[in-house]
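Dear colleague,

I am passing on the model we spoke of, together with my notes on it. Please read the notes with the coordinates open beside you.

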Amino acid sequence: MRTDSKSWRDPVLVATVAPLAIVMLLFFVIPLVMTAVLSFQTTQFYRLSWTWDLKIWTEVFSKPHYWTIMARTVAMALVCVVICVLIAFPAAYALATRLRAYNAQIQILIIFAFLTDAVLKTFGWILVLDKSGVANWLLAHLGLGPEALNLLFTPTGTMIGMVYGLVVYPLFTIYLSLARIDRDLVLAAYDSGASRLRAFFEVTLPLSRPGLYCGAVLVFVLSLGAFLEPKVLGGGTAPLASELIRQSFETRVNWPLGAALTLVLIVIGALSLALSAAVLLRGSRRAAR
Amino acid sequence: MTKETADMARTGVDRRAVLKGMGGLGLAAAGAGIFGMPRSASAAESLNYMCWEGYNAPTILEPFQKQKDVSISVDLITDSAGGFAKLAAGAAKDFDLVSSDSPWIARMGPAGICRYIDDKDFAEQYAEFYPQFRAPFAPLQFEGKATGLPTRWGWVGPTVNTKFDKLETWSSYAPVFDAAYKDKICLLDWGDWPIMPLALYAGVDPYVPLDQAALDEVRKVLRAAFKNTRAIVADLAIAQKGLIDGSFRALIGGGTYATSSLRMKGHDYIQSIVPEPKNGLKQGIIWMEATGLIENGRDSKVAADFLKYIVSPEVAKQLSITEATCNLVPNAKAEALFSDAEKKALQMDYMWTAWDNSHFHTVAPNIDDMLAIWQEELAAR
C-alpha cells in the first residue's frame with residue numbers, strides 16, 4: 001500500500017496550512033507571548049515600567065486571595081458543567097428520539113434564545129430573580145409567602161445565569177452525537193434481551209460520549225471566563241477570575257498583574273482539560289478491554 | 001473611577017457583546033480606520049476625541065463640526081484610569097482632546113500627555129464660571145500651569161430613597177454598618193468612589209499619604225461594610241432599580257452621578273446628600289470631570305476652540321443633561337438656561353452645602369493599596 005508522505009516542503013501543504021498558521025501566530029501565539037512578557041514588568045504611577053523582574057509573580061503567589069478567586073472560578077465552572085450536562089442530556093435525547101417531528105422548530109427556538117444578546121438575557125434574569133420579581137410573584141401566588149426566593153446577588157444567581165447562557169452548547173453537541181447513533185445498534189441490544197435502561201447505558205450513552213465531552217469542555221472553558229453573570233447577578237458576592245483580571249487591568253491599571261492573572265487562568269484551564277482528558281482516556285481504554 | 005456600567009447598560013457593551021461584534025467591527029475598521037467613519041470626507045480638519053459618554057452627543061458635536069468644518073471621531077472610555085493608561089501607553093499621538101475625571105486630567109499635564117493651557121487664553125470662559133472654578137483653578141494646576149478646563153461635577157455621598165428613609169438618618173455613614181440595615185445597602189463598584197467615603201467615616205483622610213495603621217483602618221471599615229451590604233454592583237441601572245423599589249435603602253459611592261437622572265425622570269424622592277463632618281473630617285467628596293488638550297505635536301487650534309466650545313453656557317447645559325446621566329456644570333451663566341424642574345433635579349439648591357462639606361477628589365497617594373484591599377476583602381466575602 002502506498003502511503004502519501006506529507007512533507008513540509010510540499011508547497012500545496014504549506015499553502016493550505018499557512019493561512020491558519022499565520023492567523024494563529026498573529027492572534028494567539030504573539031498576544032500570548034506578549035502577555036507573558038508583560039507579566040514580568042511593573043507599573044509605576046499608572047505607567048508601564050520595563051523592569052524585567054519577578055515582583056508581580058511574587059505578589060500573585062504570595063497573596064492567597066487571588067487563589068481563592070481562582071479556586072472559586074474552577075469550582076463554579078465544574079458545577080456549571082455538571083448542571084448543564086444534566087439538563088442538556090435529557091433534552092437532547094428527547095430531541096433526537098421523541099420529538100423528531102418538532103425537531104426543526106424546537107432547534108430554531110433554542111437558536112433564537114442562544115443568539116439573543118447576552119446582556120439582555122442576563123438583565124432579564126434580574127426581573128425574574130429579584131425579591132419583587134416574577135419568580136417570587138409566582139411562589140407567593142402558590143402560597144409560599146412573599147419573597148420566598150432570595151437568589152439575586154448570590155452565587156446561586158450567578159450559576160443560574162451561567163447555566164442559562166451555556167446549556168445550549170452541550171445540548172447541541174450531545175444532540176449531534178445522539179442523532180448519529182445507528183438505531184439498529186439499539187434495536188440489536190433489545191433483541192439481545194437488554195432492557196431499555198441497559199441499552200441506554202451500554203449503547204446510547206457510550207456512543208454519545210464525544211458530544212458529551214465536547215459540550216462539557218465548551219461549558220468549562222466558557223465558564224472560566226464568565227464575566228457578566230457574576231457581575232450582574234452575583235452582585236459582587238463571589239467575584240470570579242474574569243472580574244479580578246478586569247479590576248487589575250482597568251481599575252488598578254496594573255497591566256502586569258492582569259497579564260499574570262490571565263496566564264494563571266489559562267494554565268489552570270489547560271491543566272484541568274489535560275487532567276480530565278487523561279482520566280477519560282484511561283476510562284475509555286478500560287472500557288475497551 | 002469606573003462608571004462603566006452606566007454605559008454598559010446603555011450600550012450593551014460587555015465581553016461577549018464585544019466578541020460578537022468583533023467580526024463586524026473588524027470589517028468596519030478595515031474600511032474606515034480605527035476611529036470609524038469621518039463625518040464628512042470633505043471636512044477640512046479632523047479631531048480625535050477620547051471622552052466619557054455624554055460628551056459625544058450629536059447635539060453637542062454636530063454644531064461644532066459644521067461651524068468649524070471639522071470631523072470629530074470619538075473613542076468612549078469606560079474607566080478614567082484605563083483611559084489614562086491607554087494614552088500613556090502611546091495612544092496620545094492619535095488623539096487631540098480628552099474628557100475624563102479631573103484627577104486624571106490633572107496628571108496628564110505633568111506626564112506630558114496633555115499640553116498646558118494658558119489661563120489668559122480662556123479668560124472669557126473662566127469669567128463665566130462659578131467663583132469656585134475660576135482661574136487659577138487649583139485641582140487642575142501644576143507648578144502654576146493648568147491642564148484643561150473643568151466640565152462637569154457633582155458630589156459623592158449616600159443616595160437615599162426618602163420614601164423609605166429620612167435624610168437625617170444619613171447624616172452619617174453609620175447605617176452602612178448598622179445591623180438594622182443588613183442586606184439593604186448597595187455599594188457601587190466604581191473604582192475608588194466607594195472607598196473614599198468609607199475611609200473618611202473611619203477617620204482616615206485618604207487624600208494624604210497613609211501609613212500601615214491607617215490602611216488597616218481602611219481594611220476594617222471595608223470589611224464591616226461588605227458584611228452588611230447586599231450587593232456591590234457596577235451597573236447603574238441595577239442600583240437605581242433597587243433604590244427605587246426599596247430593595248436598597250441607600251447607594252454608597254455613586255452620589256449625584258447616580259441620582260440626578262432619576263430625579264430628572266420624576267423620582268424627586270431620591271436624593272444624594274453629604275453627611276455631616278465627623279471628628280472634624282469632612283465626609284463628602286466632590287468629583288469633577290475636565291477636558292484637556294492632548295500633546296500630540298500638532299498644537300491644534302481647532303482643539304482649543306472645542307475646549308472653549310464645550311464649556312460655553314449653551315453646550316454646558318446640554319452636557320449637563322444627557323440621556324444617561326445628569327450632572328452639574330461649572331458655568332454659572334448656564335444656570336439661567338435650566339428650568340426650575342431641571343434645577344431641582346440637579347439639587348442646585350444643595351450644591352454649595354455639599355461643596356462646603358466635601359473633599360475635592362484627587363488621585364490618592366495610596367490608591368493602589370486601597371484598591372488592593374478592596375479586592376482582597378471582596379474575595380474573602
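This is a predicted model: local features need pLDDT of at least 70, side-chain atom pairs count only at pLDDT 80 or more; totals for chains, interfaces and linings use all residues.

Residues are numbered from 1 along each chain as its sequence is written, and chains are lettered from A and ligands numbered from 1 in the order in which they are written.

The contact between the chains takes 27 residues from chain A and 32 residues from chain B, where two residues are in contact if their C-beta atoms, placed from the backbone, lie within 7 Å. On the side of chain A that touches chain B, the elements that give two or more residues are β2 (47-49), α3 (64-96), α5 (118-129), α12 (228-232) and α13 (241-251); helices here are DSSP runs of H or I with at least four residues, strands are runs of E with at least two, and both are numbered from the N terminus. The largest share of that side, four residues, comes from α13(A). By class, the side of chain A that touches chain B has 13 nonpolar, eight polar and six charged residues, with Ala, Val, Leu, Ile, Met, Phe, Trp, Tyr, Cys and Pro counted as nonpolar, Asp, Glu, Lys and Arg as charged, and the others, Gly among them, as polar.

Within chain A, α5(A) also packs against helix α7 (residues 155-166), at an angle of about 135° and with the axes 11 Å apart; axes are lines fitted to C-alpha atoms, for helices over the stretch in contact, and angles run from 0 to 180 degrees between N-to-C directions. The two helices, α5(A) and α7(A), are therefore oblique to each other, given that angles under 35 degrees count as roughly parallel, over 145 as roughly antiparallel, 65 to 115 as roughly perpendicular and the rest as oblique. Among the residues that meet in this pair are A:Trp125 and A:Leu129 in α5(A), and A:Ile160 and A:Tyr164 in α7(A).

A second pair in chain A is formed by helix α8 (residues 168-179) and helix α11 (residues 209-224), whose axes come within 7 Å and cross at roughly 165°, which makes α8(A) roughly antiparallel to α11(A). The residues of the contact of α8(A) with α11(A) divide into 11 nonpolar, four polar and no charged.

Chain B has 15 helices and 14 strands. One open sheet of five strands has the order β10-β9-β11-β8-β12 (chain B), with mixed pairing, two strands being paired if DSSP finds at least two bridges between them. Its edge strands, each pairing on one side only, are β10 (229-233) and β12 (270-272) of chain B, and the twist averages 20° from one strand to the next. Strand β9 (residues 185-188) of chain B runs parallel to β10(B) and is joined to it by four bridges; B:Leu187 has B:Ile232 in β10(B) as its bridge partner. Helix α10 (residues 256-264) of chain B lies across β8 (159-161), β9, β11 (250-252) and β12 of chain B, running at about 150° to β12(B).

Finally, B:Arg115 lies in strand β4 (residues 114-115) of chain B, and this arginine counts as buried because it has 20 C-beta neighbours inside 10 Å (buried means 20 or more other C-beta atoms within 10 Å of its own, exposed 12 or fewer, and partly exposed in between, with C-beta atoms placed from the backbone). Not counting residues up to four places away in sequence, B:Arg115 touches B:Leu293 and B:Glu295.

With best wishes
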